[in-house]
Amino acid sequence: MPEITRAEVAHLANLARIDLSDDELDHLAPQLSVILESVASISGVAGDDVPPTSHALPLTNVFREDVVTPGLTPEQALSGAPAVEEQRFSVPRILGEEQ
Amino acid sequence: MTDTLVAFDDVLATYDPALGLEVHVELNTNSKMFCGCPTEFGAEPNTQVCPTCLGLPGAMPVVNGKAVESAIRIGLALNCDIAEWCRFARKNYFYPDMPKNFQTSQYDEPICFDGYMDVDVDGETFRVEIERAHMEEDTGKSLHVGGATGRIHGADHSLVDYNRAGIPLIEIVTKPIRGAGAKAPDVARAYVAQLRDLIVALGVSDARMDQGSIRADVNLSLSPKGSGTLGTRTETKNVNSLRSVERAVRYEMSRHAAVLDAGEKILQETRHWHEDTGVTTSGREKSDAEDYRYFPEPDLVPVAPSREWVEELRGTLPENPTARRARLQAEWGFSDLEMRDTVGAGALDVIEQTIAAGTTPQAARKWWLGELARRANEQGVLVDALPVTPADVARVQALVDEGSLNDKLARQVFDGLFAGEGTPDEIVAARGLAIVSDDGALSTAVDNAIAANPDVADKIRDGKVAAAGALIGAVMKEMRGQADAGRVRELILEKLS
């Protein structure tokens, strides 16, 4: 398992919009490497007869009927918003471009 | 900044264009992709939301089976293979239109792949190969406040409505379309138009480009003529009308050529289309920002459509709209222009049904594209939304054919239908519209007209038969239109011979 570099942690922090100081990067990069190594030790246990999987349950095709069910009122939906305007979530100026 | 542009013909002298189209289709399911919230367009903001589509902690998504069915039917109609097993994936990005900070989409395992669609452009067929069609969810809508034009630039904050977040989307992606040359803009437009027709025929979406239920992203690159290579592409986002698809391709071809002619490089970037001015402007560059860190969605189990289900859905596919149009045109004997008008007016189905009810193709076309199209136009709707059924039109025409109505009276029957006065026969009876075939009444009216217009009568006696028109008009007026003009003419000429 390759070790996670400081530059990679800085890139991930940037993607996740987390502002990390140089000290924090120095501190976190080795820690994340240890975590990845620990998780990677599972590979040592799994034999060739165990296929990799993304899901813990051996299920497929769990579908919902196309039926409308009650949701939240706008008041409930907006109750946790830091700021509300015109029954919408008010968010700070968006930097970068629209997706 | 104004872009330097190269004249379209000059672009083609030097370069080959390659197109790629990504079309997002919003499905018309009752509920959202992963939760039971309604999907109606135009609801008050944040009234169609729940913990799942708001991305609240602990909320669990469940796939809408109907959306999977629609995805498979779209794939089959596009001649795609249907995956035996595929997963959803999280596309991670930070933008307020997705409250979860990721969009649930599909990554390297789309449900439909390797298809094609044959596109007709001026009688020539281009095969557009389909790379994939995958399932995902729509985003919320942002309103930018404080900017001059509601655009993101200059805005000081934004307001987000999540009603649209989580509505099922199918994204259909073509392989690079090459070899279209001068027809590249037309091929792009025709592809989106035919895809829309297919979606309409499948009945899986409202397919309203003006409401955003079909949205196109246009990729374009140029390569030196004959080189066979692919140049650097730009992606013009959210081109929302057929005409704009064509214009955006044309514009980017001219812009790319100018950049390349100047010895510069095309920046691989997103461009924004401006409907009002017909130009594109630079958006974000494709760089680190496009590192979406996809990974399989742990909260949704894989989708593994059984072959039996896929075949069952194949059995529900409608006739290909392009093939159907060609078949009907041949059956009806319509000219290309008549057929184009019919399709443009949205009258194909109603005319087909009217003909099935016994009317000749030309008579069905006459009513639906004439009188009824005019009324639909006044009301700002398509003809199939009028309160007149194909059966009504067929009955009205039958009454005309048997001589009970003339065209003028038939129009009054339509007045009655619009006013909700019942069936055509009921309206004819209630309004007393039937043509008077009683020669006694007609004869009296003709005598009156002759007596009132002695000069005209003399002219006809002298052989100026053309003058009969004035007397026919007088008779029709007296009969309040309820006479057969041909019979009136006969009577006048008999009496004055």
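Q: Which residues have the most contacts inside the largest nonpolar core?
A: The model is a predicted one. Its largest nonpolar core holds 79 residues. The most contacts inside this core belong to B:Leu19, B:Ala71, B:Ala188 and B:Tyr191.

Q: Which helix of chain B gives the most to this core?
A: Nonpolar side chains tend to be buried together in soluble globular proteins. In this core, nine residues come from one helix, the one that gives the most. That helix covers residues 184–202 of chain B and is helix 3.

Q: Which residues is B:Leu19 in contact with, leaving aside its neighbours within four places in sequence?
A: B:Leu19 is among the residues with the most contacts inside the largest core. With its neighbours within four places in sequence left aside, the contacts of B:Leu19 are B:Ile177, B:Ala180, B:Ala184, B:Val187, B:Ala188, B:Asn219, B:Leu220 and B:Val249.

Q: Why is strand 12 of chain B described as largely enclosed by the rest of the structure?
A: Strand 12 of chain B runs over residues 214–224, which makes 11 residues. A residue is counted as buried if 20 or more other C-beta atoms lie within 10 Å of its own. Strand 12 of chain B is largely enclosed because the number of its residues that are buried is eight of the 11.

Q: How many bridges join strand 1 of chain B to strand 12 of chain B?
A: Strand 12 of chain B pairs antiparallel with strand 13 (residues 234–239) through four bridges, and there B:Asn219 has B:Glu235 as its bridge partner. Strand 12 of chain B also runs antiparallel to strand 1 (residues 15–26) of chain B. In that pairing B:Val25 has B:Ile214 as its bridge partner. The number of bridges between strand 1 and strand 12 of chain B is 11.

Q: Which element of chain A gives the most to the side that touches chain B?
A: The contact takes 35 residues from chain A and 48 residues from chain B. On the side of chain A, strand 1 (63–64), helix 3 (74–78) and strand 3 (88–92) give two or more residues. By class, this side has 15 nonpolar, 10 polar and 10 charged residues. The element that gives the most, with five residues, is strand 3 of chain A.

Q: Which residue of chain B stands opposite A:Arg64?
A: Strand 1 of chain A and strand 2 (residues 63–64) of chain B run parallel and are joined by two bridges. The residue of strand 2 of chain B opposite A:Arg64 is B:Asn64.

Q: What is the radius of gyration of chain A?
A: Chain A has three helices and three strands, in the pattern α-α-β-α-β-β along the sequence. For 99 residues the globule rule gives 13 Å. The value for chain A is well over that, so chain A is more spread out than a compact globule, with a radius of gyration of 22 Å.

Q: Is B:Ala207 buried or exposed?
A: Most residues other than glycine have a negative phi. B:Ala207 is not a glycine, yet its phi is positive, about 55°. This residue lies in the loop between helix 3 and strand 12 of chain B. Because 20 other C-beta atoms lie within 10 Å, B:Ala207 is buried.

Q: How many C-beta neighbours does A:Asn61 have inside 10 Å?
A: A:Asn61 has a positive phi near 55°. A:Asn61 is placed in the loop between helix 2 (22–45) and strand 1 of chain A. A:Asn61 counts as partly exposed, and the number of its C-beta neighbours inside 10 Å is 14.

Methods: Residues numbered from 1 in each chain as written. Chains lettered and ligands numbered in written order. Predicted model: local features only at pLDDT ≥ 70, side-chain atom pairs only at ≥ 80, totals over all residues. Core = buried A, V, L, I, M, F, W, Y, C linked by C-beta atoms within 7 Å. Buried ≥ 20, exposed ≤ 12 C-beta atoms within 10 Å, placed from the backbone. Contact = placed C-beta atoms within 7 Å. Pairing = 2+ DSSP bridges. Nonpolar A, V, L, I, M, F, W, Y, C, P; charged D, E, K, R; others polar. Rg over C-alpha atoms; globule rule 2.2 N^0.38 Å.
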